[in-house]
Amino acid sequence: MTDLAIRKPLLAALLIGTALLAGVAHAQEEDGEEYKAQIPDVAIYKAMLDANKQTGWVQFREFSGQQLIYFTALQTMHCRLKEVRYSINSDALDKTFPMAACDPELPFNLPSDDSQNWLYLNLKPGEAETIAVQAVWDDGSGSEIVVYQPCKNPEATCASIKTIKKSKKRADEPSPATPVR
């Protein structure tokens, strides 16, 4: 799979988000109000997540004697994600990945700091045969659980879907603040 094929869904989602942000700014300018940055609606982020499912919410890479698992695609949604739950070689979802701080003026940008702690996991070569991932939104709702495995091409930075599971209601998961219609 080429880099272009991997990035197309992410680029499309980012373009949609940018267009919606421009629409919000234009509407506020017509009213004569001072512009105040707003984080786009969670529906946009959910569409981005769905668009990136096939190419991988996470990406595996073997590099310099290490196995790296990148969370970059999920980090572009950090302004609406409460957390990312994951587990290595099981579907227990017993770990959470740290999310970058949100800048409402640049909601899809990754912060530029020296820390790589919010970009990838660093494991022993071949340690992760699978990774189960669930996105939890700021309203407390959770995505389906997608289990990814490394691609067959060890030279590539990619992932392939092994299984998809429906989200299980967890005892510690809050109910959404607004009723479902």
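**Chat notes**

Q: Is Asn89 buried, exposed or partly exposed?
A: Partly exposed, because its relative accessible area is 38%.

Q: What about phi of Asn89?
A: Phi is near 60 degrees there, which is a positive value in a residue other than glycine. Most residues other than glycine have a negative phi.

Q: Which residue besides that one has a positive phi although it is not a glycine?
A: Ser64 has one, with phi at about 50 degrees. Ser64 is placed in the loop between β1 (59–63) and β2.

Q: And is Ser64 buried or exposed?
A: Ser64 counts as exposed, because its relative accessibility is 57% and the cut-off for exposed is over 50%.

Q: Back up a bit. What sort of model is this, and what pLDDT does the chain average?
A: It is a predicted model. The chain averages a pLDDT of 81, and 71% of the residues score at least 70.

Q: Where is the pLDDT below 50?
A: Over residues 174–181. That stretch has seven contacts in the model beyond near neighbours in sequence. Where pLDDT is low, the predicted coordinates should not be read in detail.

Q: How many helices and strands does the chain have?
A: Three helices and eight strands. From the N terminus on, the order of the elements is α-α-β-β-α-β-β-β-β-β-β.

Q: How much of the chain is buried?
A: Buried residues are 39% of the 181 residues. The chain exposes about 10500 Å², and carbon and sulfur atoms supply 54% of that area.

Q: What share of the contacts with a separation of 6 or more is between residues 24 or more positions apart?
A: Those residues account for 62% of such contacts in the chain.

Q: Now helix α2. Which of its residues are buried?
A: In α2 (residues 42–52) they are Val42, Ile44, Tyr45, Met48, Leu49 and Asn52. They cover an arc of only 155 degrees around the axis, so they are on the same side of α2.

Q: Why would residues three or four places apart point the same way?
A: Because an α-helix has 3.6 residues a turn.

Q: What caps the N-terminal end of α2?
A: Asp41 does, with a side-chain oxygen 2.9 Å from the backbone nitrogen of Ala43.

Q: Change of topic: how many aromatic pairs are there in the whole structure?
A: A search finds six. In one of them, Phe71 and Phe97, the ring centres are 3.8 Å apart and the planes are at 5 degrees, so this pair is stacked.

Q: Where do Phe71 and Phe97 lie?
A: Phe71 is in the loop between β2 (66–70) and α3 (72–75), while Phe97 is in strand β4 (residues 95–97). The pair therefore ties together parts that are 26 residues apart in sequence. Both Phe71 and Phe97 are buried.

Q: Last one, Ser141. Where is it, and is it buried or exposed?
A: Ser141 is found in the loop between β6 (131–137) and β7 (145–150). Ser141 is buried, because its relative accessible area is 17% and buried means under 20%.

Q: What does the side chain of Ser141 make a polar contact with?
A: With the side chain of Asp139, at 2.7 Å.

Methods:
Residues are numbered from 1 along each chain as its sequence is written. This is a predicted model: local features need pLDDT of at least 70, side-chain atom pairs count only at pLDDT 80 or more; totals for chains, interfaces and linings use all residues. Side-chain values use heavy atoms; hydrogens and water are left out. pLDDT is the predictor's confidence in each residue, from 0 to 100. Contact means heavy atoms within 4.5 Å. Buried means under 20% relative accessible area, exposed over 50%, partly exposed in between (1.4 Å probe, protein chains only). Helices (H or I, at least four residues) and strands (E, at least two) are DSSP runs, numbered from the N terminus. The arc is that of the directions from the helix axis to the C-beta atoms. A polar contact is a pair of N or O atoms within 3.5 Å; within protein, one must be able to donate a hydrogen and the other to accept it, and residues adjacent in sequence count only if both atoms are side-chain atoms. Rings of Phe, Tyr and Trp (its six-membered ring) pair if their centres lie within 6.5 Å; planes under 30 degrees apart count as stacked, over 60 as edge-to-face and the rest as tilted. Accessible areas come from the Shrake-Rupley method with a 1.4 Å probe; for residues, only the protein chains shown count as cover.
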